[in-house]
Amino acid sequence: MNTLVLGGNGYFGSVLVRELLLRDFDVRILDIIDVPHRPTGVEFLQGSILDSDLIRDALEGIDIVFNTVAQVPISKSRTHLTEVNVLGTQRVLSECRKAGISKLVHLSSSAIFGRPMSNPVSTQTAPAPSEHY
């Protein structure tokens, strides 16, 4: 199975890449940065999910897409946060649809719950983010 991990060099993405490799998946990463410790045999494309042409190229031969990309609020730019997290995700969805990709997994973090009223959170916990991330 050929997989594309968007943001595959970030924390969540790199954990996912290792797990996919353990399960004998072929892995391609699209990320804005490369890292020296990328596992052997993983294909890497450098760039942003804001680049529709690059996304289109990255989807060639792919069966499943995992989107782990997220601009965190540390940048202090709400505009950039929105561009990456909303517009970038829309571009990924659009290009997947055009390419006939039927499986896309969008990863998130517990930040969508803000400060939950109880722990642990569950599938019944309502999202209540405390910031735009």
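The model you are looking at is predicted. Val5 sits in strand 1, and its relative accessibility is 0%, so Val5 counts as buried. One of its contacts, Val17, is twelve residues away in sequence, yet the C-alpha atoms of Val5 and Val17 are 7.2 Å apart in space.

Now turn to the largest nonpolar core, which has 15 residues. Within this core, the residues that touch the most other members are Leu4, Leu6, Leu30, Ile49, Leu59 and Val65. Strand 1 (2-6), helix 2 (52-58) and helix 3 (78-99) are the elements that give two or more residues to this core. Apart from this core lies another, made of ten residues, and Val17, Val27, Val42 and Phe44 are among them. As a general rule, nonpolar side chains in soluble globular proteins tend to be buried together.

Ile49 deserves a visit of its own. Setting aside neighbours within four places in sequence, Ile49 is in contact with Leu6, Leu30, Ile55, Val69, Val84, Gly88, Thr89, Arg91 and Val92.

Is Thr89 buried or exposed? Thr89 has a relative accessible area of 15%, and because buried means under 20%, Thr89 is buried. Not counting residues up to four places away in sequence, Thr89 touches Ile49, Asn67, Val84 and His106.

Definitions and conventions
Residues numbered from 1 in each chain as written. Predicted model: local features only at pLDDT ≥ 70, side-chain atom pairs only at ≥ 80, totals over all residues. Heavy atoms only, no water. Core = buried A, V, L, I, M, F, W, Y, C linked by side-chain atoms within 4.5 Å. Buried < 20%, exposed > 50% of the residue type's maximum accessible area, 1.4 Å probe, protein only. Helix = DSSP H or I, 4+ residues; strand = E, 2+ residues; numbered from the N terminus. Contact = heavy atoms within 4.5 Å.
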